[in-house]
Amino acid sequence: KDPMIVFKDADLDKAANDAVAFSLFNCGQVCCAVERVYVDESIQNEFEQKVLDVAKKYKVGNPTDADTTIGPLASQVQRDNVSKQVEAAVKEGAKVLYQSDCPDDRHANFYPVTVLSSLKQVMPIQNLETFGPVVAMSTFDGTEEAAIEMANSSEFGLASYVYTTDLTKGSRVARKIRSGQVGINCYSMLEAQPACPWIGHKQSGFGSHSGMDGFRSFSVPKSIVFTTNAPK
């Protein structure tokens, strides 16, 4: 349940574009997809409008069509799971700001691009993996402490994202978020160098790959012991 924090001093156009792009990337079926967007409450309306402007550009359809940007989900089980999470959130008070058109072919497992707002931490969609084309937004009071607490309120901890033009603040917040990667004003999976280990915290996996830590996990230590001086 990778969180994205948007402070009021962020580049809102970039943050809105990334919130949509990386919530919908591969139809949301990515382990480090953005699944929780926390927005400073003072910019909620402005940010939500920017998100809507971006989300409405996406088209759900046959992936062989050139103008399609969102294809089907992997299975009917997954489609039903996404649908149940969205329906439960709406029943508990979430607002549907937008749902796109969608091919009327249940056997193809299409699900519409969906933008939700006013989500609560206790809702299943804020705690369970969604893996679908959903942009899930809620607000925080603008403080670093609240943002960190909400970001950490999950049993998972693979990746997180912090958007702010104050890089000192961004670094400070990133250090306190319990996840394996934190992208500051970027999507870490696309920007990280090979030297960066790819690792999950909490219930987001065991071990790592890439970086020296990852390379060591693919090797086996070995000792060679001599009772006399080792040969040169």
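Strand β1 spans residues 2-6, and five of its five residues are buried. Strands (E, at least two residues) and helices (H or I, at least four) are DSSP runs, numbered from the N terminus.

## Neighbours of β1

Strands β1 and β2 run parallel and are joined by five bridges; two strands pair if DSSP finds at least two bridges between them. Within β2, valine 39 stands opposite valine 6. From β1 the chain passes through helix α1 (residues 12-24) to β2 in a right-handed β-α-β crossover, that is, with the strands pointing away from the viewer, the path from the first strand over the helix to the second runs clockwise.

Strand β7 (residues 159-163) also pairs with β1 in the parallel sense, over three bridges. Here valine 162 of β7 stands opposite isoleucine 5.

## Strand β5

Strand β5 (residues 134-140) is largely enclosed by the rest of the structure, because six of its seven residues are buried. Four bridges link β5 to the parallel strand β2 (residues 34-40), and methionine 137 in β5 stands opposite valine 37. Strand β4 (residues 114-117) pairs with β5 in the parallel sense over three bridges; leucine 116 has alanine 136 in β5 as its bridge partner.

## Basis of the values

Residues are numbered from 1 along each chain as its sequence is written, and side-chain values use heavy atoms, with hydrogens and water left out. As the model is predicted, local features need pLDDT of at least 70 and side-chain atom pairs count only at pLDDT 80 or more, while totals for chains, interfaces and linings use all residues.

Note on methods:
Buried means under 20% relative accessible area, exposed over 50%, partly exposed in between (1.4 Å probe, protein chains only).
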